[in-house]
Amino acid sequence: MTPAGSLLAGTGLRKAYGPTTALDGAEFSVHPGEVVALMGPSGSGKSTLLHCLAGIVRPDAGFVGYDGQDLTGMSDAERSALRRTDFGFVFQFGRLVPELTCLENVALPLRLSGVRRRAAEARALEWLERLKVEDVRTRRPGELSGGQQQRVAVARALVTNPRVIFADEPTGALDSLNGELVMDLLSDAARKAHAAVVLVTHDVRVAAYSDREVVMRDGRANDMAGAI
Amino acid sequence: MSIGHTLLGLLEAGPRHGYDLKRAFDERFGQDRPLHYGQVYSTMSRLLKNGLVEVEGIEQGGGPDRKRYAITDAGVTDVERWLAQPEKPEPYLQSTLYTKVVLALLTGRDAARLLDGQRAAHLRLMRGLTERKRGGDLADQLICDHALFHLEADLRWLELAAARLGQLAKSVGS
């Protein structure tokens, strides 16, 4: 069962890739409007936990609950649909579609959900403005700096008003100043929208933008809320 | 921080009263530790005695000290010398944290838990500084960044120590 008030929670999660145990009974929960940093050394299972929570990877054992639903019991198609409507993703490298303009990139998740082009692009422009990159709307990702690309990627993640944002090393490819700008905008936008953020990072300065940190070690998650 | 040199530096812009100097100091450098009036006046007395400032005028009535101080040529030279002198880097070789970790291992206590608790405390402080930085002006941002980079260095050490606890336990036990 999920902790009271949490929007997304994983309990007793186990996952192995061949002989390698990635998750060994991991526990995690996040509330609406909360930014939780998932930290730990390389290979500790951070990304696997994020993928399980997002329904990208099915755990070998354990339970992922999202808003009263059992994510682990859903079919692939159901989980895909949920990811499109309720979840947003930001990765280390923007992963924008190189052939599309920035405006089209941000509008893409809405278009895939059946929103008409004009309405989708109007909303996309609003998000580009909020992320302070509206001036690059007609340009393609290849013409942008890393910091600009990442802000466009954040706009794309938020355009559907997701209830959970999964950010996997979102500033990993950026210098300090751009990294902070992205975190500032991402955490601010998420809190205003009352969205939960699962933030995987090894950078403590990025983790300082979170409300709470959970430290992964050997496939186990240690919630530091109660640490002295 | 050398309060004397900082006050001298503030005087370079023009003569000021003691209370005015305190206000200028607190505004720019005293966010967490504002100066006491007593500190200002004892420092100014010392600077006066050493010929680095002079009394330009005294106002009648008002507060206890209405002296208006001005920096002397010797004072300007002193500020110049202080600014040009690099600060001594502090390598923290006698780290309390290191001592605590070794003692925990020596006495069979949970050193990993100690490191986790320290990480949480550091991150809590970093959150506060990050929040203050977000709402602050450029001067606030630079002050907070300086503290944040130092805390980050500590945290990197904590991570490294956590990764090497097994090795350290063996070496401490041998």
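Both faces of strand S8 of chain A are covered: A:Ala196, A:Val198 and A:Val200 on one side, and A:Val197 and A:Leu199 on the other, are all buried (20 or more other C-beta atoms, placed from the backbone, within 10 Å of a residue's own). Five of the five residues of S8(A), 196-200, are buried, so the strand is largely enclosed by the rest of the structure. Strands here are DSSP E runs of at least two residues, and helices are H or I runs of at least four, numbered from the N terminus.

This is a predicted model, where local features need pLDDT of at least 70, side-chain atom pairs count only at 80 or more, and totals for chains, interfaces and linings use all residues. Residues are numbered from 1 along each chain as its sequence is written, while chains are lettered from A and ligands numbered from 1 in the order in which they are written.

Now for the helices. H3 (residues 102-112) of chain A passes H4(A) in a right-handed crossing, meaning that the near helix is turned clockwise from the far one by less than a right angle. Among the residues that meet are A:Leu103 and A:Val106 in H3(A) and A:Ala124 and A:Trp127 in H4(A), contact being C-beta atoms, placed from the backbone, within 7 Å.

Notes:
Contact = placed C-beta atoms within 7 Å. Buried ≥ 20, exposed ≤ 12 C-beta atoms within 10 Å, placed from the backbone.
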